[in-house]
Amino acid sequence: MTLLADPRIPLVSFTGSTEVGRHVARAVAGRLGRTILELGGNNGVLVMNDANLDLALRAVLFGAVGTAGQRCTTTRRLFLQRGIARKMTQALVEAYRQVRIGDPLDERTVMGPLVNQQAVEDMMRGLEAVRAQGGEILYGGRLLGGCFAEPTLVRAHPEMPILREELFAPVLYLVEFDALADALRWHNDVPQGLSSAMFTTSLISAETFLSHTGSDCGIANINLGTSGAEIGGAFGGEKDTGGGRESGSDAWKAYMRRQTNTLNWSTDLPLAQGIRFDV
């Protein structure tokens, strides 16, 4: 008997890919067990014309390049409002040129290797699909030997199918937009729903992003990036991300068993049916 099928385990908390998460959910549900699933992330950031671009640049670079793009909360899609798109793109290219790639144990290193050769091959296949679908590589994309590769910036359009996938690598897609409504529609038009962020100084834009018509992710931030969850916040997402939550004020309830208790300390238990009991 596998652990997933073991009825002695009332709850299985799983972090991993959506594909494996579906297997876990089916196996545990087959015995009516419970699951907490933290699965794929295809995290997006919206940068508005009125945003603090220095703040946005720092957050996007860290979110997209940190851990070589191999984090569930990695920033993978960047939506730039037209007025700041050119300036933000140029700033990102310049910042990417400064990314020091090498030994992750060296404190001067900004980005280390991908986890294995399979991850490298997946990244290269993804970039081939980017080119085939009309994307333009603005920076990076080259292999550097072993499991090391350059972080990559891609000018993309929202209809590219690969934007709906989670390419677990340091590849960031840049999409320009005019109206906030368009950016929100494109942002939400992916199967995953873990983390998201908006950079703006407009209260109206921020509240729209955080409303029921805004980000459909389990995490939505304003003026900070997608990576690095608040320790007191509920961590998890919607849609193919699984729907479970870890941490946060209510997450402990998922690990508890709910039991209703009613105690009668009297010597009376009246019944409505009018039956007499002589014992």
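**Notebook: helices, loops and a tyrosine pair**

I began in a loop: Leu32 sits between helix 1 (18-29) and strand 2 (34-38). For my own record, helices (H or I, at least four residues) and strands (E, at least two) are DSSP runs, numbered from the N terminus. This is a predicted model, where local features need pLDDT of at least 70 and side-chain atom pairs count only at pLDDT 80 or more, while totals for chains, interfaces and linings use all residues. Residues are numbered from 1 along each chain as its sequence is written, and side-chain values use heavy atoms, with hydrogens and water left out.

I looked up the phi of Leu32 and got a positive value near 60°, in a residue other than glycine. Is Leu32 buried or exposed? It counts as exposed, at 78% relative accessibility. (Buried means under 20% relative accessible area, exposed over 50%, partly exposed in between, with a 1.4 Å probe and protein chains only.)

Ala68, in the loop between helix 2 and strand 4, also has a positive phi, near 55°. Ala68 counts as buried, though, at 0% relative accessibility.

**Helix 4**

I checked the length of helix 4 (residues 117-132) next.

Then I listed its buried residues: Ala119, Val120, Met123, Met124, Gly126, Leu127 and Val130. They cover an arc of only 155° around the axis, so they sit on the same side of helix 4. (The arc is that of the directions from the helix axis to the C-beta atoms.) I reminded myself that an α-helix has 3.6 residues a turn, so residues three or four places apart point the same way.

On the other side of helix 4, I found Glu128 and Ala132 exposed. What covers the buried residues includes strand 5 (136-139), strand 8 (152-155) and strand 9 (171-177).

Asn116 caps the N-terminal end of helix 4, with a side-chain oxygen 3.2 Å from the backbone nitrogen of Gln118. (A polar contact is a pair of N or O atoms within 3.5 Å; within protein, one must be able to donate a hydrogen and the other to accept it, and residues adjacent in sequence count only if both atoms are side-chain atoms.) Just after helix 4, Gly134 takes a positive phi of about 95°.

**Thr152 and the tyrosines**

(Contact means heavy atoms within 4.5 Å.) Thr152 is buried, at a relative accessible area of 0%. A polar atom of its side chain lies 2.9 Å from the backbone nitrogen of Gly141.

How many aromatic pairs does a search of the whole structure find? I got one. Tyr96 and Tyr139 form an edge-to-face pair, 6.3 Å centre to centre with 85° between the planes. The pair links distant parts of the chain, as Tyr96 is in helix 3 (residues 82-97) and Tyr139 in strand 5, 43 residues apart. (Rings of Phe, Tyr and Trp, using its six-membered ring, pair if their centres lie within 6.5 Å; planes under 30 degrees apart count as stacked, over 60 as edge-to-face and the rest as tilted.) Both tyrosines are buried.

**Helix 6**

In helix 6 (residues 203-210), I found Ser205, Ala206 and Phe209 buried. Seen down the axis, these fall within an arc of 100°, so they line one face. The face turned away from them carries the exposed residues Leu203 and Ile204. The buried residues pack against strand 3 (43-47), helix 5 (180-188), strand 11 (195-199) and strand 12 (219-222). Ser202 caps the N-terminal end, with a side-chain oxygen 3.3 Å from the backbone nitrogen of Ile204.

I searched for disulfides (a pair of cysteine sulfur atoms within 2.5 Å) and the count came to zero. Cys217 counts as buried, at 15% relative accessibility.

Thr226 lies in the loop between strand 12 and strand 13 (238-239). It counts as buried, at 4% relative accessibility, and its side chain reaches the backbone oxygen of Thr73 at 2.7 Å.
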